[in-house]
Every structure is written in structure tokens, then in C-alpha cells.
Amino acid sequence: MSEIFLFIILLYALSGVIPLCIRKKRIWSVSSIIMGGGGILLTLFSLPFLLVSSAKTILFQGAWVTFPIRIGIDRLSALFCILLGLLSLAVALYTPGYLDRMHGNRRTYVVSGLIPLFLLSMLLVIMAETVIAFLVFWELMAILSFFLVLTEFEEEKTRYAALFYLAMTQISTVFVFLGILLIRLGTGSWEYPVHLSGSDPLISLSFLCLFFGIAIKSGVIPFHKWLPHAHPAAPSPVSALMSGMMISTALYALLRVVTGFYAPNAAWGFLILAFGCLSAVLGVMYALKEQDIKGLLAYSSIDNTGIILIGTGLWVLFTVFGSPALALMAIAGAVFHAISHGLFKGLLFMTAGSVCQAAGTRNIDEMGGILVRMPWTGGLFFIGVLSIASIPPFSGFIGEFLIIMSLIGGLSELSPLLQIVMVVVLSLFSLTGALTVTTFVKAFGLTFLALPRSEGADKAREVPWPMYAGPAVLALMSAGLGIFSGQIFSLLGYPGLLPDLLGLFLLLLGTSILVYGAVWSYASRKTRITRTWGCGMMGSSSRMEYTGSGFTEPVVRFFGPVYRTRICTTHEFLDQHQCLFRSGTGSIHLMKFFEEYLYLPAARRIDRYASLVSSLQNGDIDRYVLYVFCTVLILILILGWSA
Amino acid sequence: MIGESFIFAFLNVAFVLVISPFFMMVIKKVKARVQGRQGPHLLQGYYNLAKLFRKETLYSEYAGFISRIAPYAALSILLVAAVMVPIFWIPEQELVTANIIVFLYLLVTGRLLIALLGLDAASTFGGMGSSREMSLSAIIEPVTVVVFAALVYVTGSFSIHDIFRTATTMFPAYNPTVLLLSVPLFILIIVETGRVPVDNPETHLELTMVHEGMLLDTSGRNLALFELSHAVKQTLLMAILLNIILPAGIALEMSAGVLILGGVLFLLKGTVLCVIIGLFESAYAKMRFFQIPNLFMIAFFFSILTIFIEVML
């Protein structure tokens, strides 16, 4: 069994190395076929580990005893391996078409080579079984994704995004590294610890370090600022992987740490819950206001991370306060949502990428009318929208449903103080859900419906079939996971967790057919295609439509304190008494709260201390000799003292 | 057993479809009378639907598949929701899940489709309507969830069938929490069906319209389907309110006499509630759009209060 997994790892490595070494025209289609094959194999062979709860295998054992590197697979990692396999397949179908249309010759080889390697690094993070292996692969993942973000390096914005990302991801690694060292100090081994508990401050500190390291990587607010820069800047298949899989990998690490490493602790539960609520609500609020479609999707990833954090935090609380049934519901919701988020976010990023490429812009206000021009891509994006807006019976619904059920269940089982927490979280959670629907009505409605608002959008044409076959795989999985969710949960050994959505789906289908049939047979069938009423003007133009900013204006007004807009106006006058007005400008700026109050002050402080250090190093040989002399002196003194 | 469930589903849906336009007209009639007008005939709703179904349907040349499927989908979703909410008879077994959260999300689905429809035809009014509708829904949603959570908390079950069954055992010895819940449930009806003071169902004035704005470009059979689904939605929400605070006469077993009695009683209760809604609408003026969250906060406050009182008891 373990050979087949090593073979899969080899396939990924091979498909990564081929385009980096061989510069033949369209070599990436070969590498994509290998990667897609690897994805299919990975999905198929991970399934048995998911279905049988006790199945566990060690795949590879490093020979080095001091730093043991071991990879293996168990139930939790099998689940995320399946997600990775499916995303690999979709990306393998999608990428060649995307690369064909990309500018720059050499860059395309690099991208097509780095994508499988990036996937491989994530696969290894998921399969790691010792903390040291985890750290190594975690850093590998960070570095590879940094280069992928840097692909379109000519643009100033991309370079900024990549550097920002590199800084943040290294801070994340530092935290994870510290956490792992503390675990090593606490337990004296590099193995994954099992249910550490006790009041040892080392243990709490190691949890906090690991949590913050993972939180930075998964874009938890307030450590999120890099995410909406870096995810959209990368080429679309990479954005799909970063939002769909890299966040899921970080969340896998979180689930592993919270449920496996440590014994549940109420304080940590509240911490996770608080960060979850913050990310969910603010993430979706920023997404709503975003005009860049890929940026909107990136912000919505933050909001989904928040939802998964809420589920995880609830698991901790329910476990500590003794409601195992509710705890199971919450964690099932969190895990299911992590998987389905990976699927539908990959789908949304890929279809949005096709649209951006076809229309030549990422701005929602310059799109419109794409659905008529790109029906397949638009239809698939619509399925993604239904899923992310948690419409039953699509997969996005299941996770949110389970978490809501556990919250309401918590109301009647817990003590009054916790009940208040539950009510607050429930309101914030449902606010997130409702704003997500609004956000995606905007994203779909203004991008795909009505009239095109720019020439580029008008000239958009449907992409070649593999570019929608890839997303179609994910759309199919997304719908299937939702419809058969009840059956899937019973198969995994958790029957009765969910109502039967298959029945609901069949009833919906049957009712639709009946309604359609009844109207078809009894109502008038006369139909005419005509022009939209233009309020008495001859024909309507796209300038009469609502824009994205207009669409979200009421929500911005309702939640004014959160958005904190600033209106700037300038005036130019004809005369010096400022009576005759000639021209002027007006603009509305969104205040960047976290940048102004958290990131920039921190950066300035670091800069100040760094400049203190730099004054030590002024290139003067005499001074360096002095340093050496002082060091030697101090060493001699210390050694003499201790001897 | 399963046969009984099918009979229930059929009867329930048919009953809802038949009475919904009547309830709409009762409200119209009451409002007209308060304004000193004669008002439409009580059967006018049926005539309107028949007329619309016979007329030609227009599609905008810019419109895509959303405009084609949304009318059918909107009605189908509400009919499925109608299977979940027993109007006059609670069968022993549920045909599909009657989970109240699933019911809520079905309503959200309908709203999403209508909002997209508003954008599909590229008209200014559609965009305006769907922007407003989605903004309002963003803030009413948490309120709705908390109201339903309070309902679940008081009755101890997620299934709408069981909630109604528990309500029949509580009746008529009133639980104060049930009475408290009726306030947010009433506000919910007002908001979800787009009535004064949130929305005005009678104007086509761009300053005020929300729901009508999105449907401005639909016609013929599509408009008829939307009007029907709007009426069905109102009846379902009314049924939730009525069957919780006044569950008298709701049938618990299948026998012709009890069922007919239940149906007639519901018709009476519903008509009274419609009169109240009509009077309520006449008593208020349309609220300024940005003031509407205040109304929602009242509903939110009452549902939180319900939960806390239930904790105390």
C-alpha cells in the first residue's frame, strides 16, 4: 500500500521537474496529464483510509534519528488528501489552456513546473507525522507559493504583494518553529504529542505559538492583510490552489493541533471562537466592498476560515463543558466546511480567472453581460455561488447548517453565561451568512448579468473546453457532496447528524418539473424577446445600470462604523474670492483600519530598532576589531567566572 | 405511514395554493376600506392570476438563463417549503425534513434568485430593487435566525411539525415566552412579505420600491408565478405565527371531519390576522430606508428577551 503513495509523490515530483528541465513547446500538457493522473490515484487510494476509521499507515521513515522525518496517512489526513487530489485534477485540466493564453514565454514553464511541486509540498505537510517533518514541509510550501505569487513580477502591485506575503509567511514559520521547539522542550521528542494537558506555561505558550503561526497562514483577521494582496496577484490556477488548498492545509494543521496535540481547554476555545467571529464578520464585510473579483474571492476565503474557526472553537467549548453530541456536530461542520470550501473556492477562482483573462480586467465594474458570452463558465460560477451562499442542498450549506444547529443546541444545554456567548456567536454567524449571500449576488449579478460595461467585457468569448471541464469536476463534487451529505456521514459512522437532503433535492426536482409542466400545459406559451424598458429613452445603455459600489452602498451605510469611509473633495475656483466654481473632484476612501493601526506602527517600530542595530555596523574596520576584542574579553571573563 | 405523508403533502400544498391569493386580497380590501375606498373584490387575486397566465411573456434581449428559470424555481422552492409547514393537520411522519433552519435557508434561496433576476434585465430599477432587498436581508437574517432559535429553545425541537405539536399541548395555558415570540414573528411577516413600513407593495415609485423593483421587467406567466409565490410565502409565515400562538383546531389525526374543521378554522384565523396586518399597514407610513434596521432591532430584542426569560423560568 505504501508503495502506491510513494509512486504518487513521485508522479507529482516528475510533473514538476519536466517543464523546468525540458523546454519544448506545450510541454505543460504532458506534465498536467501526469499531475492529473497523480490526483486521481491519490483520491482513490486515500478513500479506504477515510472509510475505515482505524486504518493508519506509515509511508516513509527517514533514516536520520536526531531529526526523524516520517510521513504517513490516517483518517484526518486522508480527507484532506482527497481534497488535494480533486483539486490537482481540476487544476491539471484547467492550467494548460490558461498558460496558452498567458504572456511571457519562460515564465509559463516555471509556473507549470512549480504548481505540481507546490501541490506536493502541501501533500507532504498533510502527510507529515513528526513535528520536524511538518516544519520542513511547511516552509517548503511557503517558499514555493512565494515564487508562484511573484509570477507576474513586472507589475509593481505584484512585487508588493509577494514581498508582503514573504514577510508574513516567514513570521508564520517563526511562530510554528517556536511552537515546535517548545513542544520538544516539553515532551522531549519530535513526535506529534498526544493530548498534552496541565498548567505548564510551556504547553500554553506552545499552543499559542502554533495557533498564531497557523492563523497567519490561513488569513485570520487581524493577520490577514497579505491574503487579499497575494491570492489575486498570482495566476488564477495558483490563486485557486492558494485559496482552495493552502488555507485548507493550514486549517488541517489547526484541526490536528487543536483536536490531537492538546487536551481541550476552555480558554483556548474562547480564543479560537473570538478570532473566528472576527474573521468571519469582517472578512465578509470587506469582501462585500471589494471591486476586484479575485480580491473579493480572497476576502471571502478569510470569512470561510472564520466559520471553520468558529466550528473548531465550539468543539473545544462543548467538549470541555460536557456536551459530546454537540461537540461532534460542531467539529463535523468545521471539517466538512473546510473540504467544501476548498472545492467551491477552487471552482470560483478558476472560473473567475477565465473571465478575467477573457475580459482583460479584474474590476467588477468593468464587466457585465459575461453570462451570455461565456455560458459554460458562467453556469459553473453560478453553481459555486449557490454553494458558497449555502443554498440547500449544495455543499456549502452543510457546514454552516451543522454549526448553526450546534449553536442553537448549545443554548439549551449550557450555563447562562455560555448561553449569552452562544446567542452572540449565533447572531454574528448568521450575519456572516446573510452578507455572504449579498456579496455573491453582487459578484455574480454584476459580473455575469446585464450589459457589458467595457469593451473588453463585450468581446469576451468562451474558453476552450478543458478550461471549464476542470471547474466542472469541482462543481459536480460540490453539488454531490451536498446532496448525498446524509449518506456520506452515515458511511463514515455518524448517522443521524443531518437531515436527508437527498429527499429534499428529489422533492425540489419533482416540484419544479410539476410546476413547469403545469404552466406549460395550462398557461399561454406566447413569448417575445424585446428590449428592456429604458424609461422613455431610446434603448438602455450600461451606464444606466447599478455599479458594484452602488449595489453595496446601503450595506456600507448600515454598517458605517465598521467601514469608516472618508470623503475627500477638492475645489478649484475661477476667482480668488472663491465664489465662481470651476471644477473639482470628489472621492470616497475606505479607511484601512488594520494597516493604519496595526501593521504600519509595528513596521515603523521594527524599522526604528533595526536602524539602532545598523548604526553598530558602519563598515569601519577599527570598530569591528574593537567588537572582536570586546567579545573575546567577555568570553574570557565568563569562562573564568564559571570555571 | 408514508402514504399518509404523501396525502398530507398534497393537501397542504393544495390548500396553501388555493387560499394564498385570497389572503392577499383581504389585506388589500382592509387597506382600501381604511382609506375610504371600496377596494377590490375578494376573488380579484384569482382573476389577476388567470389573466396573467393567459398573457404574453416578454424577455429582455439582454437576459440570460436566470430570467427563464427563476420564476419556476421561486415557486417550486416555496411549495417544498409548504410541505414543511403543516397548515391545518400535523401528520405523524415527515415526508422530507421539516427542520426550521432548512426552511429558513429555502427562503434565502428564493430571495437570492429574485435578486439576481432583478439584475438580469439590465434595467436601473432592477438593480436598485435587488441592492435594497439584499441589504435588508443582510440585517434581517440574524434576527430571523435568533427568532427561530428562541422558538426552538422554547419548544425543544428543530422540526416544525414537532414545534406545532408542542404548541398544541401548551395551548391555551399560555406560556409568556410564546406570547413574547409573537412580536418578532409578526415583524418577520411584515419584513419578509415587503409590507409598510419596510416596503410598499402598492407603489411603482423608484424612491420606495424594493420588491416590486426587481419584478419590474417580468410579465405574463412569469409575473403570475412570482405573485403566487409571494402569496404562498406570506401564508406560510402566517401559519407559523398562528399555529404557535393559536393552535386551536389543528388536526392531529387523519379523518375527514377533523381535517375540514381544521381547514375552516385556519381560514378564519388567517383572515383575522390579515385584517390585523391590513390595519397595521394603514396605521404606519413607509419608513425611511436607512431607519429600517431599528424595526429589526425590536424583533431582535424581543427574541433575545424570550431566550433570557425562558432561562429564568
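A residue is taken as buried if 20 or more other C-beta atoms lie within 10 Å of its own. By this criterion, 60% of the 313 residues of chain B count as buried in the structure described here, which is a predicted model. The secondary structure of chain B consists of 11 helices and one strand; in order from the N terminus, its elements follow the pattern α-α-β-α-α-α-α-α-α-α-α-α. The C-alpha atoms of chain B occupy a box of roughly 55 × 40 × 40 Å along the principal axes. Because a compact globule of 313 residues would have a radius of gyration near 20 Å, the value of 19 Å for chain B agrees with such a form. Among the contacts in chain B with a separation of 6 or more, 81% link residues 24 or more positions apart.

The two chains meet through 66 residues of chain B, which are in contact with 65 residues of chain A. On the side of chain B that touches chain A, at least two residues each are supplied by helix 2 (44-54), strand 1 (57-60), helix 3 (65-84), helix 4 (100-120), helix 5 (124-155), helix 9 (220-245) and helix 11 (292-312) of chain B. Helix 5 of chain B gives the most, with 18 residues. By class, this side of chain B comprises 41 nonpolar, 16 polar and nine charged residues. Strand pairing also connects the chains: strand 3 (residues 527-530) of chain A and strand 1 of chain B run parallel and are joined by four bridges. Within this pairing, Leu58(B) is the bridge partner of Arg528(A).

A further pairing lies within chain A, where strand 4 (residues 565-573) and strand 5 run antiparallel and are joined by nine bridges. Here Ile567(A) stands opposite Ile588(A) of strand 5. Strand 5 of chain A (residues 581-590) lies largely in the open, because the number of buried residues among its 10 is zero.

Helix packing in chain A is illustrated by helix 3 (residues 75-100) and helix 4 (residues 105-127), whose axes are 10 Å apart and meet at an angle of about 175°. Since angles over 145 degrees count as roughly antiparallel, helix 3 and helix 4 of chain A are therefore roughly antiparallel to each other. Residues making this contact include Phe80(A), Leu84(A) and Val91(A) of helix 3 of chain A, and Val111(A), Ile115(A) and Leu119(A) of helix 4 of chain A. The contact between these helices of chain A has 12 nonpolar, five polar and no charged residues.

Conventions. Residues are numbered from 1 along each chain as its sequence is written. Chains are lettered from A and ligands numbered from 1 in the order in which they are written. This is a predicted model: local features need pLDDT of at least 70, side-chain atom pairs count only at pLDDT 80 or more; totals for chains, interfaces and linings use all residues. A residue is buried if 20 or more other C-beta atoms lie within 10 Å of its own, exposed if 12 or fewer, and partly exposed in between; C-beta atoms are placed from the backbone. Two strands pair if DSSP finds at least two bridges between them. The radius of gyration is taken over C-alpha atoms; the globule rule is 2.2 Å times the number of residues to the power 0.38. Two residues are in contact if their C-beta atoms, placed from the backbone, lie within 7 Å. Ala, Val, Leu, Ile, Met, Phe, Trp, Tyr, Cys and Pro count as nonpolar, Asp, Glu, Lys and Arg as charged, and the others, Gly among them, as polar. Axes are lines fitted to C-alpha atoms, for helices over the stretch in contact, and angles run from 0 to 180 degrees between N-to-C directions. Angles under 35 degrees count as roughly parallel, over 145 as roughly antiparallel, 65 to 115 as roughly perpendicular and the rest as oblique.
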